[in-house]
Amino acid sequence: MSQPSPQTLGVPAALVPRWEQLLSAARAGTLGLGELMEAANTLQTQGLAEATVQLYQAWIAAAKAPQLAYVPVACYNLGTVLGGVQRHAEAEQVYRRALALKPDFTQARLNLGHQLEHLGRLEDALAEWRAVADLSLPLDGLGADALELRLHALNNMARLLEQEKRFAESQALMRRSLELKADQSDVIQHYVHIRQKQCDWPVYEPVGEVTHNQLLTGTSLLAMLNVSDEPTLQLLTSQRFVLEKVVKYKERPYHQLHAKGQRDGRIKIGYLSGDLCMHAVGLLTAELFELQDRSRFELHAFCWSRDDGSPLRARILAAMDKHHRLKGLSDEAAARLIAETGIDVLVDLQGLTSGARPNILAYKPAPVQVGYLGLPATSALPGVEWIIADRYVMQPEYLPYCSEKPIYLENHCYQSSDRKREVGPAPTRAQYQLPEEAFVFASFNNNHKFTEEMYRCWMRIVQQVPGSVLWLLADNEWTRANMLRVAAEHGVAEQRLIFAPRVAPAEYIARFALADLVLDTFPFNAGTTASDCLWAGAPILTRSGRSYISRMAGSLLTHVGLPDLITESLEEYEKRAVQIGRNPARAASYKRYLREHGRGSRLFDMPGFVRELEEKLETLALERRRRPSV
């Protein structure tokens, strides 16, 4: 078979003589391992992956004694290159060859596990890592620390099992890892959050030599928003993430370096997100995009969302003037694209939530960068100056704990909505095994938002309202078991907890009509869930605190016209829920109000909301056009 030419491999003309010399030496078996690795590294740094592969393959094929002893190392390096260009099946084979020659080559076994994961063979991947974690094979990391290799195996097993929602197995592996080495902030982060996902209280349970302070400082922002209403802790958690994970870019902003010509004409608004699909953010923003004034604004989606084929995603993309796919682009390249597009206002819909790409914002590709919706808290990102809010969610006392300045909507709730959301046919209580005559309390928030304090409060509420039931989600078997255990501690019979399955959005919204009173979570309030239940005509009782995220549902209730359902302490919350539960007519009056006035309230005035938001963004954009050096 003929070998590919240097031109086919992308080797620049200036490097061709050296490349041919190296390849000839590799085929002749006269190229030393050190020289091979140095040359391969040079090729890789220039993006010449295929040329690197060809060089390694030629060297391995020609290797003779004494070079045969080094073939496992060459195979390992080749596997790394192949895996980096997503040729995972080929990478698997070279790692297996390395292990056939050297069965105790631990790093090759670990990397083999990663290739098997990429190929979708998850149990095979777990088996390779388990062999390392359980010390069932001798370890030789060629100088690497044996403990670190074992931790690598344990932590990747835990990660994969968490992704597969095998939470109990995953948590057990995290505990083993932390018992071996306490100082692992990334493992602590996942350990805390996986306990939240299972309602495994207390969340901060000691493990090994891990201190309470390490558990606290290792908590992710998402988990911290569930744990504490303290704005200082939320700010410090964001700052820690930025310090550890976000690029430190101090040069001229990209919107000045890469701008093409004068900014004029329609104001260009860019929406940055990986959630423009069947996701809470997508569900709330579709009509916002559709209603924007195209005579004044040009809309761009900068997006790495999954193409889920949903009608919602089709709506969102149809509402944009242009859709830029960022999947496969580096953060720096994505920032350059945004700057070259001439975006005036970049609205970040993700913040520091799962899948976010905050490094894009760190390069400051737009003169105005605004946080909105995806993260109802401060991100502490140095490139984001503004956050969209209303005066309920961001009170003056909260502002010192935010790196962003508020863009206040004076006449509308901070949250956009969608009046086109589909609502399924009216269900019956029998469909969901709900007693016909019982007072139905409900909470359909994600389980990680359930804190022990609030859940025990719910148990006291149910206990005090004779015949009532609590209707809620249980995303996994461990959550269900833990909730039933705590219910039993309060003397609440198992049959008074009714677990709802996950259903399609239209059916999910329709079934809110069966609830008498929705019970909100704290400190992480309902967001999209609160909007859905009010749209469906179900009242929600909330508790408002100090932070943005703990005041979201209160803002929705204020703008829908039901401030009576806002409480400010646990005691008041419990008392109000019991009062309403014992007086079903009061709950019925709230439902009647929402049926008659809810959809016509300011909360769902989307045309007015969009006009007010546009005015705010236009003012900022025009100000920066007048002062382009800012």
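Colleague: How many nonpolar, polar and charged residues are in the lining of the largest cavity?

Modeller: The lining of the largest cavity has 6 nonpolar, 4 polar and 2 charged residues. In that scheme Ala, Val, Leu, Ile, Met, Phe, Trp, Tyr, Cys and Pro count as nonpolar, Asp, Glu, Lys and Arg as charged, and the others, Gly among them, as polar. Before we go on: this is a predicted model, where local features need pLDDT of at least 70 and side-chain atom pairs count only at pLDDT 80 or more, while totals for chains, interfaces and linings use all residues. Residues are numbered from 1 along each chain as its sequence is written, and side-chain values use heavy atoms, with hydrogens and water left out.

Colleague: OK. What counts as a cavity, and which residues line the largest one?

Modeller: On a 1 Å grid over the protein atoms alone, a cavity is a set of points where a 1.4 Å probe fits but cannot get out, and lining residues have an atom within 4 Å of a point. The largest cavity is lined by Asp-348, Gly-351, Gly-371, Tyr-372, Leu-373, Gly-374, Leu-375, Ala-377, Ser-379, Val-384, Ile-387 and Glu-404.

Colleague: And how much space lies in the largest cavity?

Modeller: About 70 Å³. A volume here is the space filled by probe spheres set on the points, with grid points joined across faces, edges and corners.

Colleague: How many cavities of 30 Å³ or more does the count come to?

Modeller: The count is 2. The second largest cavity holds about 30 Å³, and its lining includes His-412, Cys-413, Arg-602 and Phe-609.

Colleague: Switching to sheets. What is the order of the 7 strands in the open sheet?

Modeller: The order is S3-S2-S1-S4-S5-S6-S7, with parallel pairing. Strands (E, at least two residues) and helices (H or I, at least four) are DSSP runs, numbered from the N terminus, and two strands pair if DSSP finds at least two bridges between them.

Colleague: Why is one side of S3 and of S7 left without a neighbour in the sheet?

Modeller: Strand S3 (322–325) and strand S7 (405–409) stand at the edges with a single partner strand each, so one side of each has no neighbour in the sheet. Neighbouring strands are turned by 30° against each other on average, direction ignored.

Colleague: Over how many bridges do S1 and S2 pair?

Modeller: S1 (residues 267–273) and S2 (residues 297–303) pair in the parallel sense over 7 bridges. For example, Tyr-271 has Ala-301 in S2 as its bridge partner.

Colleague: What about the sheet of 6 strands, what's the order there?

Modeller: That open sheet runs S10-S9-S8-S11-S12-S13, and the pairing is parallel. Its edges are strand S10 (497–500) and strand S13 (566–567), each with a single partner strand, so one side of each lacks a neighbour in the sheet. S12 (residues 540–543) is joined to S13 by 2 bridges, and Thr-542 has Ile-566 as its bridge partner in S13.

Colleague: Now helices. At what angle do H24 and H25 pack?

Modeller: H24 (residues 570–582) and H25 (residues 584–597) pack at about 95°, with axes 4 Å apart. Axes are lines fitted to C-alpha atoms, for helices over the stretch in contact, and angles run from 0 to 180 degrees between N-to-C directions. The two are therefore roughly perpendicular to each other. Angles of 65 to 115 degrees get that label, under 35 is roughly parallel, over 145 roughly antiparallel and the rest oblique.

Colleague: And how do the axes of H6 and H8 cross?

Modeller: At roughly 10°, with the axes of H6 (residues 106–118) and H8 (residues 146–163) coming within 10 Å. That makes H6 roughly parallel to H8. In contact terms (heavy atoms within 4.5 Å), residues including Leu-110 and His-114 in H6 meet a set in H8 that includes Leu-149 and Asn-156. By class, this contact has 4 nonpolar, 6 polar and 2 charged residues.

Terms used:
1 Å grid on protein atoms, 1.4 Å probe; cavity = no way out; pocket = protein on both sides within 12 Å on 5 of 7 lines; lining within 4 Å.
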